[in-house]
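Hi everyone, thanks for making time for this.

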Amino acid sequence: MFPVLKNDRLIKSLWREPVDRTPVWMMRQAGRYLPEYRATRAKAGDFMTLCQTPELACEVTMQPLARYDFDAAILFSDILTIPDAMGLELYFVEGEGPKFKHPLTTAASIHNLSSDVMNELAYVPNAVALIRHELNGKVPLIGFSGSPWTLATYMVEGQSTREFKKIKALLYEDPALLHVLLQTLADAVTHYLLAQIKAGAQVLQIFDTWGGILSDSAYREFSLRYMRSVVTGINSNLTEAERVPIILFTKGGGGWLEDIQDTGCDAIGLDWPIDIGRARARVTDGVSLQGNMDPAVLRSTPDAIEAEVKKVLASFGRHSAASGHVFNLGHGITPDIDPENVAVFVEAVKNHSPAYHS
Ligand code: CP3
């Protein structure tokens with residue numbers, strides 16, 4: 001059993017309950033902008049060893065909390081652990097991002113995939129349990145997965161891409177085969193996230209990094225539908241008391257807020273092109289919102305950072321009895337950011353958000 005949570009602002013905000021101020025965390029908060037992360041990463045040798053060694057994953061998860069007053073920890077891992085466990089063999093080339101040794105190039109390679117991945121992925125719940133122990137109730141722990149669609153893009157392309165030629169060819173030429181892949185991934189993601197909850201994850205986020213590259217109808221058919229299946233699959237396997245808030249983050253998803261809300265998720269992650277006040281009006285406090293400062297602001301001055309934080313808070317506006325806002329960036333922090341500026345960002349949220357909650 002784990003100790004009682006001392007800071008429950010994040011959980012309360014995600015359930016749309018009143019809090020004293022807006023909670024804040026940052027996507028990629030444990031990462032290369034921190035010198036102590038780079039040191040642990042060097043000690044590990046390579047990125048996958050860092051993910052697969054619970055003690056090291058725990059160490060880097062805790063690093064941003066030692067520096068900043070974040071209201072959450074996020075499991076240190078990667079979304080591409082699932083395809084790796086399915087046999088595609090993930091590796092990283094310096095400066096080129098993730099790659100797979102065995103990308104999906106044939107129909108047979110898709111039909112042969114199994115959603116039964118938790119034997120290979122035991123290191124993830126092991127890390128979750130260790131981090132929960134180490135956190136000792138300080139802040140809640142967020143677990144995560146990629147969305148089925150976003151995982152499929154990497155598995156079919158074999159690496160990062162700007163054009164998505166292969167996955168889009170598959171989508172338009174053989175949609176039935178893509179559905180086979182997405183269903184296998186939805187099942188795997190459901191098992192994976194349930195295992196994270198069982199090990200101690202208190203919030204879940206689904207990263208749909210590439211949902212926004214799809215047409216409206218393709219988004220509904222190939223991305224949203226499978227995220228709905230994951231949300232439903234998780235919640236139908238839990239009692240009311242075991243449930244944890246689920247955040248869906250579709251990068252470029254501003255056109256689909258009502259549809260994302262309709263999946264039954266508890267919060268929508270917003271990227272920065274959308275105004276958070278207008279987003280709130282569209283979902284009418286029926287779901288919590290997370291976001292959404294442009295990460296590029298962190299490359300500017302302390303005054304500019306404070307001004308942008310104030311803008312996002314003012315745009316969201318005063319809280320009602322049923323509203324929820326979690327402050328975050330609109331996407332992950334980049335490696336070139338000065339850690340001092342992150343402190344300015346967190347302090348600005350702490351100082352300026354209480355006025356909106358009284
Ligand atoms: O937010 C956190 O602090 C938790 C850790 C986390 C990482 N990756 C650590 C990581 C999370 C939540 C992710 C998710 C992830 N991974 C996504 C979705 C999130 C998003 O940004 O939309 C995606 C698309 C990936 C795939 C991936 N893994 C990429 C594109 C890269 C960067 C490759 C590069 O060289 O720039 C990774 C590697 C990775 N994952 C790093 C970190 C800190 C950097 C690797 C290193 O230390 O060398």
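Let's begin on helix 2, on the side where A42 and K43 are exposed. Just keep in mind, as we go, that this is a predicted model.

Now turn to the other side. Which residues of helix 2 are buried? Within residues 35–44, those are Y37, T40 and A44. They sit on the same side of helix 2, because the arc they cover around the axis is only 65°. Just after helix 2 comes G45, with a positive phi of about 95°.

Y37 also takes us to the ligand. There are 24 residues surrounding the ligand, and Y37 is among the closest, together with R28, D78, T209 and H331. A polar side-chain atom of R32 is 3.0 Å from a ligand oxygen. Backbone atoms take part as well: a polar one from Q29 lies 3.2 Å from an oxygen atom of the ligand, and A30 also has a polar backbone atom 3.2 Å from a ligand oxygen. How much of the ligand's accessible area does the protein cover? On its own the ligand has 880 Å², and the protein covers 89% of that.

Next, please find Q205, in strand 5, which spans residues 203–208. Is Q205 buried or exposed? Its relative accessible area is 0%, so Q205 counts as buried. The side chain of Q205 has a polar partner, though: the side chain of Q290, at 2.9 Å.

Last stop, the nonpolar core. The largest one has 126 residues, and the members touching the most others are M155, L178, L181 and F345. Helix 10, residues 175–199, gives the most to this core, with 13 residues. If you zoom in on L181, you'll find that it touches L104, I110, L113, A152, M155 and V156, again not counting residues up to four places away in sequence.

Notes
Residues are numbered from 1 along each chain as its sequence is written. This is a predicted model: local features need pLDDT of at least 70, side-chain atom pairs count only at pLDDT 80 or more; totals for chains, interfaces and linings use all residues. Side-chain values use heavy atoms; hydrogens and water are left out. Helices (H or I, at least four residues) and strands (E, at least two) are DSSP runs, numbered from the N terminus. Buried means under 20% relative accessible area, exposed over 50%, partly exposed in between (1.4 Å probe, protein chains only). A polar contact is a pair of N or O atoms within 3.5 Å; within protein, one must be able to donate a hydrogen and the other to accept it, and residues adjacent in sequence count only if both atoms are side-chain atoms. The arc is that of the directions from the helix axis to the C-beta atoms. A residue is near a molecule or strand if one of its heavy atoms lies within 4 Å of it. Accessible areas come from the Shrake-Rupley method with a 1.4 Å probe; for residues, only the protein chains shown count as cover. A nonpolar core is a set of buried Ala, Val, Leu, Ile, Met, Phe, Trp, Tyr and Cys residues joined through side-chain atoms within 4.5 Å. Contact means heavy atoms within 4.5 Å.
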